[in-house]
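Please open the model in your viewer and keep the selection tool at hand. We will take a short walk, one selection at a time.

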Amino acid sequence: MEKDIIFEPLEFRNLTLKNRIFRSNISGRFDNYDGSGNQARINWEEKFARGGVGAIVSSFTPVQIRGRILPNYATIDRDDRIPFWRKVGEKVHEYDCKFLMQLSHSGRQRDVGGVENLYNKGLSSTSETESFHGLECQAMTRKEIKEMIQAFADGARRAREAGLDGVELHSANGYLITQFLSSGINDRKDEYGGSLENRARFLLEIIQAIRKEVGNDFHLQAKISAVEYNDAVIPWDKPGNTLEDSIQICKWVEEAGADALHISTGSLFPHPLNPPGEFPQDEAYRWYEIMLGSGIYTFRNYLLFRYRFLFPIFLFLWNRVYRKGSTQPIIGKDVQAQALDDSFREFVSSQTMQELLDKYQGISISDAREIKKHVNIPVICTGGFQQASYIREAISEGFCDAVSIARPLVANNDLVQQFQQGKDLPDRPCTYCNRCLLNALQNPLGCYDVRRYNDDHDKMIEQVMTVFDPPPFS
């Protein structure tokens, strides 16, 4: 029998994975308010390791408290965090799964800063207010830039001392490093702004500082938004970096010492293309109110989410990028979704599921292929993957070397095991509804599509709450 490429080992310079599936970074408020971790986080990561993924990229892990996006996220901002992350890594390793820490900083994209950040603005490349939520910020001084570079390097050192398998730099999706990279955001006039080379300087100096701190034998990868579509929602914003810009950045990242690239899209989060799927306004008005004090445009957005007669205005703006034809899936067209189980079929037909897959799966795959042509290190691609035949074709045809999956794995923690059993799709696929996205502002992360639980709300909540078994303080 021919070996399935999905389950062939993937070799990096300093790391080997048992298969080609990563659990991508996806964040939930599981930890303690002060940034210390607890058992719930360990339980959460164990779900995916047990389910068969080759590697887990951690949730957004701030290198400074000032750079968190929400409270209750475990941080890596000081040495006393190391023992907790060692426990996380040890649990994940029990399943022959690797664990990479995503070193992160929100910059201006700070949804809820918490009491520690009540009287400071987010640090950024710019002092211009973010245009979607109206999150205010201040441009970093050169001194603050140098301190931040060292904060990332110290985070990598702590990850290594914790026995983790590597780190990923979150240089995508609108967070701090993106705010330096982006031609649509960075308006600096010094050596960290202006030309593409200058805008990339911050990221490249972080990579160099990490290599100086941990050496060359520790895995390091960078997540990049290949195309930013910075004007996707607000038409008068600058469009941001193009694919050609990102190809050059990726070449520099490789030269600086990175071992892999993780390809995404979008200059903010959430973005119409990331996570791929619908924007659940019915969930937004319930939970978005937690952000009302965070930005100067949040009340405007809340009204758009709250009143049904205003829904079309928001959806018109949010879906502009699809109407412009920015994403065209280019593989897997000859693959049809398998028959779904009977109870799932009650609300989504096989035809409808195929339409969802065609629209949302592999949303960055063509960008990954172009980048892969210009680098010699492995390329990982994220974006709505959950169909084995599509993933298999993406890897075998050279679009990427591996895929990373977030929300479809939240819906089916054992997705990889289902692929091993020969299934092309899980029995109850993720429907790209993104209710998990909005609930995560305030509630435990999990799948909140009640239709996947036969409309049994109690059953849905029971599944969501399994992250607290065993409990954090047992």
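Start by selecting glutamine 102 and glutamate 168: glutamine 102 stands opposite glutamate 168, which belongs to strand 8. This is a predicted model, so treat the view as such. Now widen the selection to strand 5 and strand 8 (residues 166-171), and you will find them paired in the parallel sense over four bridges.

Next, colour strand 5 (residues 98-104) by burial. Is it mostly covered or mostly open? Six of its seven residues are buried, leaving the strand mostly covered.

To see one of the contacts, pick valine 57, whose bridge partner in strand 5 is leucine 100. Then show helix 2 (residues 82-93): together with strands 4 and 5 it makes a right-handed β-α-β unit.

Time for the rings. The model has 19 aromatic pairs. Select phenylalanine 60 and tyrosine 175, an edge-to-face pair at 4.9 Å centre to centre with 65 degrees between the planes. Phenylalanine 60 sits in strand 4 and tyrosine 175 in the loop between strand 8 and helix 4 (176-181), so that the pair links parts of the chain 115 residues apart. Both residues are buried.

Jump to phenylalanine 385 and tyrosine 390, a tilted pair at 6.0 Å and 50 degrees; both are buried too. For a group of rings, select Phe132, Phe279, Tyr288, Phe305, Phe314 and Trp318, which form one aromatic cluster.

Finish with two arginines. Arginine 68 lies over the face of tyrosine 33, 5.2 Å from the ring centre, and arginine 306 lies over the face of tyrosine 307, at 5.6 Å.

Conventions. Residues are numbered from 1 along each chain as its sequence is written. This is a predicted model: local features need pLDDT of at least 70, side-chain atom pairs count only at pLDDT 80 or more; totals for chains, interfaces and linings use all residues. Side-chain values use heavy atoms; hydrogens and water are left out. Buried means under 20% relative accessible area, exposed over 50%, partly exposed in between (1.4 Å probe, protein chains only). Helices (H or I, at least four residues) and strands (E, at least two) are DSSP runs, numbered from the N terminus. Two strands pair if DSSP finds at least two bridges between them. A crossover is right-handed if, with the strands pointing away from the viewer, the path from the first strand over the helix to the second runs clockwise. Rings of Phe, Tyr and Trp (its six-membered ring) pair if their centres lie within 6.5 Å; planes under 30 degrees apart count as stacked, over 60 as edge-to-face and the rest as tilted. A charge sits over a ring if NZ of Lys or CZ of Arg is within 6 Å of the ring centre and within 35 degrees of the ring normal.
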